Amino acid sequence: MNCIEKIIKLLEEEYKVFERILNLSNEKTKYIVENNLSGLIEVSNQEKKETEIIDKLERERQEILNSLSKEKNIAISNLNDIVSIATPDEWQRINDLRIKLGEIIFKLKKANDLNASLVSSALEYIDFMTNVISSHFSDNTTYQRDGQTGQQKKNLFDVKL
């Protein structure tokens, strides 16, 4: 198998891993909405393992590009640089994979943005409820004209934000 074919195989494998990560991100959304912390942790751990696979594949791809660069005695730092040494069929396959990878990475970014927004909303809600509860049970003692202390009426929804 030549270097170009190896790169194509690596890109195909990367796409499969990104598909799995996207599925995990969608599953993570479900767990965030359900407030299922154990499921969220499990999915996050699986996602981390998949990310490590992506890192490994990226290192392998860069090594192939470096060896190809030395072999052909031309500067090759990314996929665009191999257009001159790839056959039209190989270049078309690489380009199709690049487009597919770009699309799935965009979907993954949208899923991650949604998850971040959901987590942020949950944290804001928790902060709000903490403020409501702590203000309701706090000691709101005031001093009266005669120097004696008196209790203010506590209202559950009388909260500063």
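A pocket here, on a 1 Å grid over the protein atoms alone, is an open set of points where a 1.4 Å probe fits, with protein on both sides within 12 Å along at least five of seven lines; its lining residues have an atom within 4 Å of a point. This is a predicted model, where local features need pLDDT of at least 70 and side-chain atom pairs pLDDT 80 or more, while totals for chains, interfaces and linings use all residues. Residues are numbered from 1 along each chain as its sequence is written, and side-chain values use heavy atoms, leaving out hydrogens and water.

The largest pocket comes to about 230 Å³, counted as the space filled by probe spheres set on grid points joined across faces, edges and corners. Its lining includes Tyr 31, Asn 35, Leu 40 and Tyr 125. Helices are DSSP runs (H or I, at least four residues) numbered from the N terminus. By class, the lining has 10 nonpolar, two polar and no charged residues (Ala, Val, Leu, Ile, Met, Phe, Trp, Tyr, Cys and Pro are nonpolar; Asp, Glu, Lys and Arg charged; the others, Gly among them, polar).

Now for the salt bridges (a side-chain nitrogen of Lys or Arg within 4 Å of a carboxyl oxygen of Asp or Glu): the structure holds eight. One of them joins Arg 61 and Glu 14, at 3.5 Å from N to O. That pair links distant parts of the chain, with Arg 61 in H2 and Glu 14 in H1, 47 residues apart.

How values were computed:
Helix = DSSP H or I, 4+ residues; strand = E, 2+ residues; numbered from the N terminus.
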